[in-house]
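Colleague: Before I rely on the labels attached to this model, could we go through the criteria behind them?

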Amino acid sequence: MAAPDGAPQKTFLVFGGTGQTGQHFVRQALGQGHRVRALARNPDKFAFAHADLEVIRGSITEHPDLDALLGGVDFVVSMLGDAEAQRERRINDGFVRQLVPAMRRQGVSRFLYQAGGLSAPPDRALSPVLRLVRSTVARGYDGQHRDNEAVMRYLTEDAADIEWMVHRAGIGSDGPSKGVLRRSQKAISIATFQDCAAYNLRTVMDADAVHTCDVSSYRAPGPRGASAG
Ligand SMILES: NC(=O)c1ccc[n+]([C@@H]2O[C@H](COP(=O)([O-])OP(=O)(O)OC[C@H]3O[C@@H](n4cnc5c(N)ncnc54)[C@H](OP(=O)(O)O)[C@@H]3O)[C@@H](O)[C@H]2O)c1
């Protein structure tokens, strides 16, 4: 079957689909004619029904049947977060360590994980400015960033066979679109949730993004390719 624009219809398994980025992602994927399967603690948070939306009730911390969830799936996207729980436990890291082996078992390879621009990638320290922001105005999210960093380390060190990519998003509001976000190693924009969702949808289907932990920027890549490869 094909999506309305003629592209083949794909099936996305979404974690965090009821969240601020996730709700936009689910609407956009369905709007492009794709199928979405979402694990949600509170399925009622989806304010709409759609013939191509399948919602399964469950929590990532309560051992969902990942093999069943992954059946027939093309792309896996995580926009998970629970800042309060992540102060105490690395719940996303624990979950991704269950998800990746299940992806291997089910032959599903492509995985996008949304982290934050203040989460440092494994091979680079944050700039002094971002370190300052993280330790002051954003300090309530430090546990979330530590969890995201543990996920990036695990993917880098133990999941080279999986086509993973991490979006280190910078998000400021749920306002209207401010433009198209592009992948970048350094130039981070303060984006809107819907633009981050659109970026996730495009990027998970982009083979060039595999094995990157990039940020996203509204700026066009410079002449020497500011956009990461
Ligand atoms: N918000 C920002 O400003 C921002 C900025 C930059 C980066 N990020 C990154 O992007 C990620 C997503 O952010 P967001 O603001 O879109 O998320 P959000 O609105 O906080 O939503 C998080 C999603 O994760 C789900 N979730 C949490 N714990 C779960 C569990 N145990 N089982 C199943 N689902 C669970 C939530 O489900 P419920 O609906 O059931 O709670 C919700 O769908 C964050 O983790 C962060 O690393 C966020």
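Modeller: Two strands pair if DSSP finds at least two bridges between them, and helices (H or I, at least four residues) and strands (E, at least two) are DSSP runs, numbered from the N terminus. The model is a predicted one, in which local features need pLDDT of at least 70 and side-chain atom pairs count only at pLDDT 80 or more, while totals for chains, interfaces and linings use all residues. Residues are numbered from 1 along each chain as its sequence is written.

Colleague: What is the strand order of the open sheet?

Modeller: The open sheet has eight strands in the order S3-S2-S1-S4-S5-S6-S10-S8, and its pairing is mixed.

Colleague: What makes strand S3 (53-57) and strand S8 (182-184) edge strands?

Modeller: Each of these two strands pairs on one side only.

Colleague: How do you know that strand S6 (residues 163-169) pairs with strand S10 (residues 213-217)?

Modeller: Three bridges join S6 to S10, where at least two are required, and these strands run parallel. His 167 stands opposite Asp 214 in S10.

Colleague: Why are helices H4 and H6 called roughly parallel?

Modeller: The axes of helix H4 (residues 91-106) and H6, lines fitted to C-alpha atoms over the stretch in contact, come within 7 Å and cross at roughly 25 degrees. Angles run from 0 to 180 degrees between N-to-C directions, and those under 35 degrees count as roughly parallel, so H4 and H6 are roughly parallel to each other.

Definitions and conventions: Angles under 35 degrees count as roughly parallel, over 145 as roughly antiparallel, 65 to 115 as roughly perpendicular and the rest as oblique.
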